[in-house]
Amino acid sequence: MHAYNFKAQFAPAVERGDKPLTLRNERASPSRHAQTGEVVSLWTGLRTPQARRLRLGVCTARATVLLTPAGVAAFERLVVLSPYDALTRRLSEWAGLGPTLCSAWADDFAKLDGFDNWAQAWGWHAAAAGAPPKGAPLDRLRKELVVWRPVPREAEAEVLGAPSLEDAA
């Protein structure tokens, strides 16, 4: 199971299921992000006395994405659990549009990430990335996209007690 921690500002949206994705930095090997089909545990305040699990989810899509001030310029290695899931179908459609149309759906993508619009999302991710080396302009960020479908509350105990998909193989 992979744990993801969210700042307090995002916790209510994650808990309600309004924020079904996260953009994270690449992890150094051997650590890795959740892959499609794996359970994710979504937290706020992790590693503090106030830690609280918000939801459990099942990873439904993974990709490496290239962010720019105009929107998501590219989806690389997009893998979806089911093409019939509405959100993963929409991500697949967006991935096929290419960089020239990224600004047309950037605000929709930003809302799924818990922001009001793309300008707000870009500002937050750019600030979190810090200053680029030697004052170079920050015009792109490479992030890992993790998308999940929330597990219904009444099924969480069953999911927590179930073996992982890797254990079943």
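Two residues count as being in contact when they have heavy atoms within 4.5 Å of each other. With that in hand, let's look at Arg 140. This residue touches Leu 66, Leu 67, Thr 68 and Trp 122, leaving aside residues up to four places away in sequence.

A quick word on the ground rules. This is a predicted model, where local features need pLDDT of at least 70 and side-chain atom pairs count only at pLDDT 80 or more, while totals for chains, interfaces and linings use all residues. Residues are numbered from 1 along each chain as its sequence is written, and side-chain values use heavy atoms, with hydrogens and water left out.

Back to Arg 140, which sits in the loop between α4 and β6 (141-150). Helices (H or I, at least four residues) and strands (E, at least two) are DSSP runs, numbered from the N terminus. The C-alpha atoms of Arg 140 and Ala 126 are separated by 8.5 Å, and the two residues are 14 apart along the chain.

How do the two residues compare in exposure? Buried means under 20% relative accessible area, exposed over 50%, and partly exposed in between (1.4 Å probe, protein chains only).

| Residue | Relative accessible area | Class |
|---|---|---|
| Thr 22 | 4% | buried |
| Arg 140 | 48% | partly exposed |

Finally, the inside. Nonpolar side chains tend to be buried together in soluble globular proteins. A nonpolar core is a set of buried Ala, Val, Leu, Ile, Met, Phe, Trp, Tyr and Cys residues joined through side-chain atoms within 4.5 Å. The largest one here has 36 residues, and those with the most contacts inside it are Phe 75, Leu 91, Phe 109, Trp 118 and Leu 145. Strand β4 (residues 52-68) gives the largest share of this core, six residues. As for Trp 118, its contacts include Leu 67, Pro 69, Val 72 and Phe 109.
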